[in-house]
Amino acid sequence: AQERPSCEVHATDASDGALRMARRNAARAGVTIRSYETDLTSDLGTLEGSIEVLVSNPPYVKSGDIPKLASEVRDWDPHAALDGGPDGLDFYRRIFTEATPLLAYGANVVLEVGDGQAQEVLKLGRRAGFEPLGARPDLAGTLRAVLLCWGGPG
């Protein structure tokens, strides 16, 4: 919102507390966001076909790996913010299915991924009709974000 003041920014989260924090941060930064307490895309029909850039940091930890996480993550972050299902990819599947009605043709999609998930998430996106654009590393050199483009259903 700060870098692109002419853009409309919509934020979603299932947690009202997370959205309150996002609104406070936006106010401190002097920007406006529209926030929605929702499970992914429920009740966002008014945005159909209008989202040009979708950015998400979904839960991506394998359910069985949560007990192995560092205590500052495992004991601090809400379980729902971590648990990506048995293979850690449940929310990517949902995004590729449920978000497509909201996306404008040619929309860019940027998704944070867990260690070793980049290629599988790109494959899931391709199967769902997205054009994979690649993956980018974080500062430690780990592939942490995947980029895709929505071209509409096959």
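The legends below describe views of a predicted model.

**View 1. Overall fold of the protein.** The predicted model holds five helices and six strands. Along the sequence these elements follow the pattern β-α-β-β-α-α-α-β-α-β-β. The C-alpha atoms fill a box of roughly 40 × 40 × 30 Å along the principal axes. A compact globule with 154 residues would have a radius of gyration near 15 Å, and the protein agrees with this at 16 Å. Contacts between residues at least 6 apart in sequence join residues at least 24 apart in 61% of cases.

**View 2. Surface and interior.** The accessible surface of the protein comes to about 9,400 Å². Carbon and sulfur atoms account for 52% of this surface. Of the 154 residues, 35% are buried.

**View 3. The four-stranded sheet.** An open sheet is formed by four strands in the order β3-β4-β6-β5, with mixed pairing. Its edge strands are β3 (51–56) and β5 (130–137), each of which pairs on one side only. On average, and with direction ignored, neighbouring strands of this sheet are turned by 15° against each other. In general, strands of a sheet pair through backbone hydrogen bonds, in either a parallel or an antiparallel manner.

**View 4. The parallel pair β3 and β4.** Strand β4 covers residues 103–112 and is joined to β3 by five bridges. The two strands run parallel. Within this pair, Val53 stands opposite Asn108 of β4.

**View 5. The hairpin of β5 and β6.** Seven bridges join β5 to β6, and these two strands run antiparallel. One of the paired positions is Pro137, whose bridge partner in β6 is Leu143. Five residues lie between the two strands of the hairpin. In the turn, Gly141 has a positive phi of about 90°.

**View 6. Helix α4 on the sheet.** Helix α4 spans residues 90–98. This helix lies across β3, β4, β5 and β6 (143–150). The strands it lies across form the open sheet with the order β3-β4-β6-β5.

**View 7. Helix α5 on the sheet.** Helix α5, made up of residues 118–127, lies across β4, β5 and β6. The helix runs at about 10° to β6. Of the strands in this view, β5 is an edge strand of the sheet, and β5 and β6 form the hairpin that has Gly141 in its turn.

Terms used:
Residues are numbered from 1 along each chain as its sequence is written. This is a predicted model: local features need pLDDT of at least 70, side-chain atom pairs count only at pLDDT 80 or more; totals for chains, interfaces and linings use all residues. Side-chain values use heavy atoms; hydrogens and water are left out. Two strands pair if DSSP finds at least two bridges between them. Axes are lines fitted to C-alpha atoms, for helices over the stretch in contact, and angles run from 0 to 180 degrees between N-to-C directions. Contact means heavy atoms within 4.5 Å. The radius of gyration is taken over C-alpha atoms; the globule rule is 2.2 Å times the number of residues to the power 0.38. Buried means under 20% relative accessible area, exposed over 50%, partly exposed in between (1.4 Å probe, protein chains only). Accessible areas come from the Shrake-Rupley method with a 1.4 Å probe; for residues, only the protein chains shown count as cover.
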